[in-house]
Amino acid sequence: MSELGSGKGASFKSSYVTVNGVRLHYKSAGSGKLVLFLHGFPEFWRSWEKQLAHFGTDHLAVAPDLRGYNLSDCPPEVKDYRAKHLIEDIRQLAATFTHEKFVLVAHDWGGAVAWGLAIAHPELLSHLVIINSPHPMGFWRELANNPAQQKASEYMLLLRDAKAERVLSENNFERLLRMRFAGREQGPALEADKAAYLEAWQQPGALTGSLNYYRASPLYPPTAADPGAARLELEASDFMVRVPTLVMWGEQDRALLPSILEGIEEVVPGVKVVRVPDATHWVMEEKPDLVNAEIRKFISKEHA
């Protein structure tokens, strides 16, 4: 099932595929080597619109709605959002397009899935690009030990709570709209984005599905009654990334502090880090030309 929609500089095709027991919706553009884009919370494929248009000119650019989001299936159980299921979704999705190595670009929760895929299946990737999504070792360390990151991550406790759906949907999703679009310039483009996101959040099961990523994860800040991430004992050797990796980081991100990047070279040998001092968590939207140029420059290089 597919339909055509227009994107800037490329035609976006809307399609569905069933993998790993779930039906995923995705948008695609162009042809050639696969570049797969994974969104975060509380987003959907649309967060990669500018990248689909750019890379769809000479690649097969694909941006799915992850399970639990928008038009993709939204399994109701928290256990359905454990990392192994999310990783397998993307492994199988990529295999429907190519049996060659592909480029994986990811942000936020999509980045968590991408880190996991790169750790478990490095042979599948030619390049990994991560945008404002912490490597699990860095995030674990900061959540367990850094009061500033613990404070910055307190919002996760609300998103894990049973009342999250009610709170986030109040006043026509006022809190989510404020979080997602704070600082955006008013105008028709912003109103169109808000309308599209509201439609995505209102899809059956989608709000709970997206929140279940937080509920299923063992990485969250401590409370008086729950040590959170500090209860874990992780070994760096289990989280090595042996794929050519670019990390781009908007340093004005209020939820994920730049200290998360400290020591990343120890678990991602040879990583290239590009810091964007004047960008926030939504750097690919705020600086699309910079993000596209850095990705293109990186994936054009052959790595031994």
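This is a predicted model: local features need pLDDT of at least 70, side-chain atom pairs count only at pLDDT 80 or more; totals for chains, interfaces and linings use all residues.
**Exercise 1. Describe how α2 and α3 pack, and which residues meet.**

Solution. Begin with the geometry: α2 (residues 83-95) and α3 (residues 108-120) pack at about 75 degrees, with their axes 9 Å apart. The axes are lines fitted to C-alpha atoms, for helices over the stretch in contact, and angles run from 0 to 180 degrees between N-to-C directions. The angle therefore makes α2 roughly perpendicular to α3, a class that spans 65 to 115 degrees (under 35 is roughly parallel, over 145 roughly antiparallel, the rest oblique).

Next, consider the residues. From α2, Leu 86, Ile 87, Ile 90 and Arg 91 meet Val 113, Gly 116 and Leu 117 of α3, where contact means heavy atoms within 4.5 Å. By class, this contact has 5 nonpolar, 1 polar and 1 charged residues. In this scheme Ala, Val, Leu, Ile, Met, Phe, Trp, Tyr, Cys and Pro are nonpolar, Asp, Glu, Lys and Arg are charged, and the others, Gly among them, are polar.

**Exercise 2. Find the residues that touch the most other members of the largest nonpolar core.**

Solution. The core has 98 residues, and Leu 104 and Leu 128 touch the most other members. Such a core is a set of buried Ala, Val, Leu, Ile, Met, Phe, Trp, Tyr and Cys residues joined through side-chain atoms within 4.5 Å. Leaving aside neighbours within four places in sequence, the contacts of Leu 128 include Leu 104, Trp 115, Val 241 and Phe 298.

**Exercise 3. Examine the backbone at Pro 42, Asn 132 and Asn 172.**

Solution. Most residues other than glycine have a negative phi, and most peptide bonds are trans. A cis peptide bond joins Phe 41 and Pro 42, with omega about 0 degrees; Pro 42 is in the loop between β4 (34-38) and α1 (49-55). Asn 132 has a positive phi near 45 degrees, is found in the loop between β7 (125-131) and α4 (136-145), and is buried at 0% relative accessibility. Asn 172 has a positive phi near 55 degrees and lies in α7 (residues 164-181), where Asn 172 is partly exposed at 44%.

**Exercise 4. Characterise the aromatic pair of Phe 44 and Trp 45.**

Solution. The whole structure holds 15 aromatic pairs. Rings of Phe, Tyr and Trp (its six-membered ring) pair if their centres lie within 6.5 Å; planes under 30 degrees apart are stacked, over 60 edge-to-face, and the rest tilted. Phe 44 and Trp 45 are edge-to-face, 6.2 Å centre to centre with 90 degrees between the planes. Phe 44 is buried at 5%, and Trp 45 at 9%. Both belong to one aromatic cluster, together with Phe 12, Phe 173, Phe 181, Tyr 197 and Trp 201.

Conventions. Residues are numbered from 1 along each chain as its sequence is written. Side-chain values use heavy atoms; hydrogens and water are left out. Buried means under 20% relative accessible area, exposed over 50%, partly exposed in between (1.4 Å probe, protein chains only). Helices (H or I, at least four residues) and strands (E, at least two) are DSSP runs, numbered from the N terminus.
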